[in-house]
Amino acid sequence: MLIRKGTGQDVGELAALYDALNDYLESHVNYPGWKKGVYPTREDAVRGVEEGALFVAVEKGRIAGSFLLRHKPEEGYAAVDWRVDLPYSRIFVLYTLAVHPDFLGRGTGREMVRFALEYAAGAGMQAVRLDVYEKNTPAIRLYESLGFSHVGTVDLGYGAYGLEQFRLYQKLL
C-alpha cells in the first residue's frame, strides 16, 4: 500500500469513497455516526487537498482510504487537560480516517494511522491528537492498540446529528 498526499485529481474518487462508506454505514452498524451528504463530503476532500492536509492510501490503483492531518483542533479540545502544554504548531490533529468498504478488515486503517504517526514524528511534531465518537468502539480499539491515551470526553457540538460525546486521544511522539 502506498500512502501519499492527496491531489485535486483524487477528489472525485474520494467523494465516491465517502459516499460508498456512508452507504455501507447506513446498512450496517454506523459506529462513527457519519451521514451521507453531511460528513465526510467532496467539499471536505477539496478543503483537505487545498490545505495540503489530505493523505490517501492507494492499493492496486484504487484509493483504499484517506485521512487528514492538521494543526487546528476542534474548539472542544480546550476543555480537557492534555497533561502537556504544547503549541498546535508542534501537534498534528488526525481527522476523517476513512476506509473504502472494499478494503475494510484488511488493516488499512491501522496502516494509515501508523503512517500518520511516522509522518508526524518525521515532521518534528511532539504529539498527535484526535477525537472519536464515544460509541465508535472499533476506532477506539485501534487508537488504544497503537498507544493513544484517552485524556477526556467532551461535547464537540454535534448533538443535532445524534453525536453527543467524543473521546479525545493523544499520543506523544
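Which residue in β3 is the bridge partner of phenylalanine 55? The partner of phenylalanine 55 is phenylalanine 67.

## Basis of the description

The structure is a predicted model, in which local features need pLDDT of at least 70 and side-chain atom pairs count only at pLDDT 80 or more, while totals for chains, interfaces and linings use all residues. Residues are numbered from 1 along each chain as its sequence is written, and side-chain values use heavy atoms, with hydrogens and water left out.

Helices (H or I, at least four residues) and strands (E, at least two) are DSSP runs, numbered from the N terminus. Two strands are said to pair if DSSP finds at least two bridges between them.

## The sheet

Seven strands form an open sheet with mixed pairing, in the order β1-β2-β3-β4-β5-β7-β6. Because β1 and β6 stand at the edges, each with a single partner strand, one side of each is left without a neighbour in the sheet. On average, neighbouring strands are turned by 30° against each other, direction ignored; axes are lines fitted to C-alpha atoms, for helices over the stretch in contact, and angles run from 0 to 180 degrees between N-to-C directions.

Strand β1 (residues 2-5) runs antiparallel to β2 and is joined to it by four bridges; here arginine 4 stands opposite valine 56. Six bridges link β2 to β3 (residues 62-70), also in the antiparallel sense. The hairpin of β2 and β3 has two residues between the strands, and lysine 60 takes a positive phi near 55° there. Further along the sheet, β5 and β7 pair in the antiparallel sense over seven bridges, with valine 132 opposite arginine 167 in β7.

## Helices on the sheet

Helix α1 lies across β2, β3 and β4, running at about 95° to β3. Helix α2 packs on the sheet and touches β2 and β3, its direction making about 60° with that of β3. Contact means heavy atoms within 4.5 Å.

## Buried residues and cores

In strand β2 (residues 54-59), five of the six residues are buried, that is, under 20% relative accessible area (1.4 Å probe, protein chains only). A nonpolar core is a set of buried Ala, Val, Leu, Ile, Met, Phe, Trp, Tyr and Cys residues joined through side-chain atoms within 4.5 Å.

The largest such core has 31 residues, of which Leu54 and Leu168 touch the most other members. Among the elements that each supply at least two residues of this core are α2 (42-51), β4 (91-99) and β6 (149-154), while α1 gives the most, with six residues. A second, separate core of 27 residues includes Phe92, Val99, Ala120 and Val128.

Key. Buried means under 20% relative accessible area, exposed over 50%, partly exposed in between (1.4 Å probe, protein chains only).
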